[in-house]
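The sequence and structure come before the discussion.

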Amino acid sequence: MTDVDVTETRVTTTEPQRPRAAGRQDWTAWPRYNAASSGYRGYWYPVTWSSHITGDPTSHMLGGEKIMLMRDGGTVYALHDRCPHRGVPLSEGDQQFPGTVSCPYHGWTFKLDTGKLAAVITDGPDSKICGKLSVRTYAVEERLGLTWVYLPIGDEPPHPIDEQLPRELTENEGIVGGRIQARQGDWRFACENGFDEGHAKYLHRTALWRLFKPMPTWNVTRIIPEGRWIYRVQDEVYWEATFPGVGTWTSKRWWKKKPDESTISNIGNTGAGKKIDPVIAAQNFPGFASLSMPGVLRIAYPTFIHYEFYVPVDDENHRYVGLMVNFVTGLGKAKFYAKYLGAIRWLFHGQFSGQDAWMVEVTDAPPEKLYRPDVSLTSWRNLAEEEYGEKLAAAAQHAPTPVARATRPRRVPAADTVATVGRASETPRSE
């Protein structure tokens with residue numbers, strides 16, 4: 001792959017309360033999901049474009065942790081972005097010796113591969129603190145033109161990144177066009193928005209990307225699991241509808257392409273009729289929209305697949321990584337570059353995606369009241385809750401075993417010693 005840049009209810013009984021129905025009011029039905037405002041640990045996350053990582057250290061926030069990224073000898077390293085001396089960011093420093101980074105304050109110098117303190121420039125070659133301190137390091141991989149960092153749960157080794165990436169991206173040649181943006185809002189809102197069944201038909205009706213493309217008014221949809229993914233399957237598609245006492249609504253317009261209503265397509269959401277790329281057809285996706293942990297959206301269209309990675313920065317911010325992948329080779333790559341940079345980047349990853357960013361920023365939930373299409377949201381939360389529970393259990397096996405310290409027997413003073421000590425402490429009486 002190559003890249004381009006609620007109504008309250010009073011409870012009067014004293015009997016134990018039953019849990020609320022999933023998604024009714026809040027997220028208590030999914031306790032792990034409810035607690036994941038700064039993301040899930042135990043996964044690889046894309047942080048930035050690989051081309052942006054050089055010999056000059058840079059600072060990045062991931063899951064509430066400050067991380068420094070730096071390239072040395074062609075390899076990217078990640079360290080906790082804080083010098084243990086006085087808390088100065090290592091990303092403000094530079095490299096004074098090969099394979100190291102030095103804090104700009106007093107020259108505390110750390111090995112990039114281990115994080116160990118190797119030298120303290122202002123304390124001389126015989127500094128006694130060297131070798132006694134270190135900063136945390138993180139596993140790093142480069143894929144799809146991106147730098148990925150593994151955010152551990154504890155001391156578990158990272159799983160191979162290719163096990164987490166969509167399989168079609170690791171098995172086929174293609175070209176990637178993408179955009180990375182810092183966005184406000186909880187990453188969970190962004191993820192739920194991406195997989196949301198209903199929003200695209202209405203929210204994006206004014207997007208320039210949809211100017212000549214019709215969208216259904218509503219669908220009958222079900223969610224099915226397959227491997228690590230859950231898929232939205234369209235069983236019925238309605239391009240217009242008459243609402244009692246209100247009127248008829250449709251996104252059809254005379255200037256838009258007429259949708260093929262004779263069949264239901266689960267590749268793309270603008271109707272059937274387009275020839276499907278062989279690589280995409282070979283995947284046999286049961287539905288065009290799918291989602292996997294830790295928050296990876298895949299939308300399959302006839303000629304390309306769009307991916308969104310919702311990367312948690314902290315409790316209130318996330319990083320949007322949008323990739324459009326075409327499985328073309330040769331001259332097809334050059335054509336894609338021109339098309340992506342000339343239009344797609346601005347229309348699709350710009351104005352169209354910007355409408356999603358707007359909604360995520362203003363969303364305020366829970367409390368919430370869900371409706372029928374929100375089966376997509378509740379299915380995702382169920383998936384996240386189950387998979388992360390399994391991941392926590394697996395990581396617990398790598399937790400260090402506490403070292404049992406031998407207890408020394410307590411010494412009990414002899415009786416006569418106690419009496420002697422007691423008499424010695426008495427205040428002499430004057431005769």
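## Sheet, cores and backbone

Strand β6 and strand β7 (residues 108–111) run antiparallel and are joined by 3 bridges. Val101 has Phe110 in β7 as its bridge partner. The model is a predicted one. β6 and β7 belong to an open sheet of 3 strands, ordered β6-β7-β8 with antiparallel pairing. Its edge strands, β6 (100–102) and β8 (117–120), each pair on one side only. From one strand to the next, the twist averages 25 degrees.

The largest nonpolar core holds 75 residues, and Tyr40, Val149, Leu323 and Trp380 have the most contacts inside it. Helix α6 (residues 331–362) contributes the most to this core, with 6 residues. A second, separate core has 14 residues, including Val101 and Phe110 as well as Met70 and Val88. Beyond its neighbours within four places in sequence, Val149 is in contact with residues including Tyr43, Trp44, Leu62, Ile67 and Tyr138.

| Peptide bond | Omega |
|---|---|
| Ala365 to Pro366 | about -15 degrees |
| Pro366 to Pro367 | near 5 degrees |

Pro366 lies in the loop between α6 and α7 (375–396), and Pro367 lies in the loop between α6 and α7.

Leu144, a residue other than glycine, has a positive phi near 60 degrees. Leu144 sits in the loop between β10 (140–143) and β11 (146–151) and is buried, with a relative accessible area of 9%. Asn284, also not a glycine, has a positive phi of about 55 degrees. The loop between α5 (278–282) and β17 (289–292) contains Asn284, which is exposed at a relative accessible area of 62%.

Terms used
Residues are numbered from 1 along each chain as its sequence is written. This is a predicted model: local features need pLDDT of at least 70, side-chain atom pairs count only at pLDDT 80 or more; totals for chains, interfaces and linings use all residues. Side-chain values use heavy atoms; hydrogens and water are left out. A nonpolar core is a set of buried Ala, Val, Leu, Ile, Met, Phe, Trp, Tyr and Cys residues joined through side-chain atoms within 4.5 Å. Buried means under 20% relative accessible area, exposed over 50%, partly exposed in between (1.4 Å probe, protein chains only). Helices (H or I, at least four residues) and strands (E, at least two) are DSSP runs, numbered from the N terminus. Contact means heavy atoms within 4.5 Å. Two strands pair if DSSP finds at least two bridges between them. Axes are lines fitted to C-alpha atoms, for helices over the stretch in contact, and angles run from 0 to 180 degrees between N-to-C directions.
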